[in-house]
Amino acid sequence: MSGSNQKPLEVPEQSEGNEQGSPQWGEPKLSSDRTDFNALPEFAKLPKANSRHKQDHAALAAEFNKDEPRVDWHDETLWWVRQKRDKAAARVPEWELLRDTASRIKDNVLSNLSGYLRQFEEEATRNGITVHWAADANEHNEIVLSILSRHKIDKMVKSKSMLTEECHLNEFLHEKGIDVVDTDLGERVVQLAGEPPSHIVLPCIHLKKQEIGEIFHEHLGTPKGNADPQFLTHAARLHLREKFLTRRVALTGVNFAVAETGEFVVCTNEGNADMGAHLADVHIASMGIEKLIPQRRHLGVFLRLLTRSATGQPITTYSSHFRRPRQGQEMHIVLVDNGRSVHLGRKDFRNSLKCIRCAACFNTCPVYRRSGGHSYHTAVAGPIGSILSPNLDMKKYADLPFASTLCGSCSNVCPVKIDIHEQLYKWRQVIVQEGYAAAGKTAVMKTMNWVLSHPGVYHTAGKTGRWFMLNAPFTVKNGFNTWYRQRDMPTPPKQSFGDWYKKNKK
Amino acid sequence: MNESSNTATRNSRDKILNTVHGNQPAPRELPPLPEGTPVAPGDLAPTFITALEAIGATAYIVSGFDRIATMLHEQFPGARRIVTGCPQLNAFAEAAAAAKGLDPHLLENVELAILPAHFGVAENGACWITETQMVERALPFIAQRLVLVIPHSSIVPNMHAAYDRIAALEAEAPANTYGFSTFIAGPSKTADIEQSLVLGAHGPISLTVFLLDEELSDAGYF
Ligand code: SF4
């Protein structure tokens, strides 16, 4: 596969050449040659970020937007991943049928989730796996701790699991004196940096290689100034191999669990889940209850979709099927609810439980690409995080459904056909109705109304500017707007936003 | 786990199942599964090899294990510890019997693992390998380099056919009912640092797949 982009895919970057140790990011430039944003009414302006109790998406995005070259780079890199997804999808003639089938399998799962959970528990138990049930994050964390305590173990390796991020397992275990090493390279990078992942598939996508070189220099003792991806990856390989060989407990996530056979599947490119699980005496797998699928043959559909949607690869390097513990090993599965069973009851929003965490909606989202994962202040960022998080805590995440242009690109790429942008729109209504919209967000709604009633303003700004003005007045407030330089906008919606809004306005 | 946390888990179980049951929508039928675009039998191996090469692996069509042994000698001249799950290569490597049941940590210095796999998948270059073929579960991951041997006639067009084959294998022989199994597609890799692809993340840094075709004449392969 060769991208038209200059970023190498098949050939790793070898040398740093004459690059400087650390990039000099320019000061953000103000763009003043556009619509006069000062003309916005007072209520449309957001309160200052630092005057807020907690920073919301708008404020955090504004922070990210201060470093304009980095924003451009972040944007382009993710767009490049999105393009790889497009190419991979185009090579499968039955792609749309696959999406439709996957979506319908998930419809069936959601309609009989309690039955499939029981069946899975029974089969997994028969296979010699211990099944645990956790009503919430805390119970999940306590279960993991109790397994560790029983074995008197205070060190563990962990492969990528967004669920454990959602449950804040690392922080919990750290407080109890347990040392957790994240073994996915990107996750290890952010763990060493003391940050959460900013993307569910590419956890350190917000960091430049020079910064990763610095982090490795500080924590792993690699030579200062060496930012060669191949060299740094090899350093991490050696560092983590020692961890794999000395840890007796490994925790992994779960991509799919099969009710029919009681097995679960973990997909990685690095092989870190397998290295951890097969060398450990105890394997703990944490999964959200929505990860179930009815039959093993359904994996054929999901494995064809997952990685093509995520990175454009035809499949991950490893798709490992765990059915029984190996001889002498203990295997545990923790089934975690943490709000999912309640979410299932929300008719308008339950479809978001179909998500297979491919992150295609992140990579295509113009807001995500230009605001960065950390601006969502939640474990699962991006469009899907913006519809899952308000279910967990409507007040805390009331800002997220507003972090969208409602362009619909997310719904277009979603391999399980979740109506993401429609749910974002519906959440806005719910949040406002329930009185959770913060002053700033009420302002966003008012801005929308105001802008829509002033067609002159939003039409002159052009297509991209129009979206931006509508939904992201934080940059308007800042007086600069890198959005306008957007080169790769997603497919424009079939109808203009104004039409869509009018049609959907009750 | 002590009694009390057991009880707590059981309470959560019932609570979760009840809430799920109360909130799940009306029954929805399972859809029929697609079969995928057909691939002509003659195109299966070439498509598989093309897919493998695109994901950073190497493939050879060979006539037999003698040929494999010769090629491995040529390609991995310096390999110090070689473990194989193919009895035909026992003279060339440490046999499965010796490595089986070992503490998997002792496989840490294996430089080359040569293992049989059941079949390959044309659309993505993946090979299906079950626990019994792996010698130890850790071996295909911990070895520095991995070689897989599959029958040339075993290639299936896509993942739908792959799961049909897996079910057929299990029906054929109970030994094929795995406790652990995996699809391996290429060498271990990562692109976590600025999307630059690097081969050899935690697992093998290279993958070679031999497609064994006993009907093949060696003529033309020297
Ligand atoms: S919502 Fe759809 S596109 Fe987004 S991560 Fe989930 S499955 Fe992928």
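Q: How many bridges must DSSP find between two strands for them to pair?
A: A strand here is a DSSP run of at least two residues. Two such strands pair if the number of bridges that DSSP finds between them is at least two. Bear in mind as you look around that this model is predicted.

Q: In E10(A), which residue is the bridge partner of Ala285(A)?
A: Let's start from strand E7(A), which pairs with strand E10 (residues 330-336) of chain A in the parallel sense over seven bridges. Ala285(A) belongs to E7(A). Its bridge partner in E10(A) is Ile333(A).

Q: Which residue stands opposite Ala285(A) in E7(A)?
A: E7(A) is also joined to strand E4 (residues 249-252) of chain A. Four bridges hold this link, and the two strands run parallel. Opposite Ala285(A) stands Thr252(A).

Q: Why is strand E7 (residues 282-288) of chain A largely enclosed by the rest of the structure?
A: Look at both faces of E7(A): on one side, Val282(A), Ile284(A), Ser286(A) and Gly288(A) are buried. E7(A) is largely enclosed because the number of its residues that are buried is seven of the seven.

Q: How many residues in the lining of the largest cavity are charged?
A: The largest cavity has a volume of about 90 Å³. Its lining is made by 14 residues, with Cys355(A), Cys358(A), Cys361(A), Cys414(A) and Pro415(A) nearest its centre. Of the lining, 13 are nonpolar and none is polar, while the number charged is one.

Q: Which helices give two or more residues to the lining of the second largest cavity?
A: This cavity holds about 70 Å³ of space. Of the 14 residues that line it, the closest to its centre are Cys365(A), Pro366(A), Ser404(A), Cys407(A) and Cys410(A). The helices of chain A that give two or more residues are H15 (366-371), H17 (409-413) and H18 (420-433).

Technical notes:
Residues are numbered from 1 along each chain as its sequence is written. Chains are lettered from A and ligands numbered from 1 in the order in which they are written. This is a predicted model: local features need pLDDT of at least 70, side-chain atom pairs count only at pLDDT 80 or more; totals for chains, interfaces and linings use all residues. Side-chain values use heavy atoms; hydrogens and water are left out. On a 1 Å grid over the protein atoms alone, a cavity is a set of points where a 1.4 Å probe fits but cannot get out, and a pocket is an open set with protein on both sides within 12 Å along at least five of seven lines; lining residues have an atom within 4 Å of a point. Grid points are joined across faces, edges and corners, and a volume is the space filled by probe spheres set on the points. Ala, Val, Leu, Ile, Met, Phe, Trp, Tyr, Cys and Pro count as nonpolar, Asp, Glu, Lys and Arg as charged, and the others, Gly among them, as polar. Buried means under 20% relative accessible area, exposed over 50%, partly exposed in between (1.4 Å probe, protein chains only).
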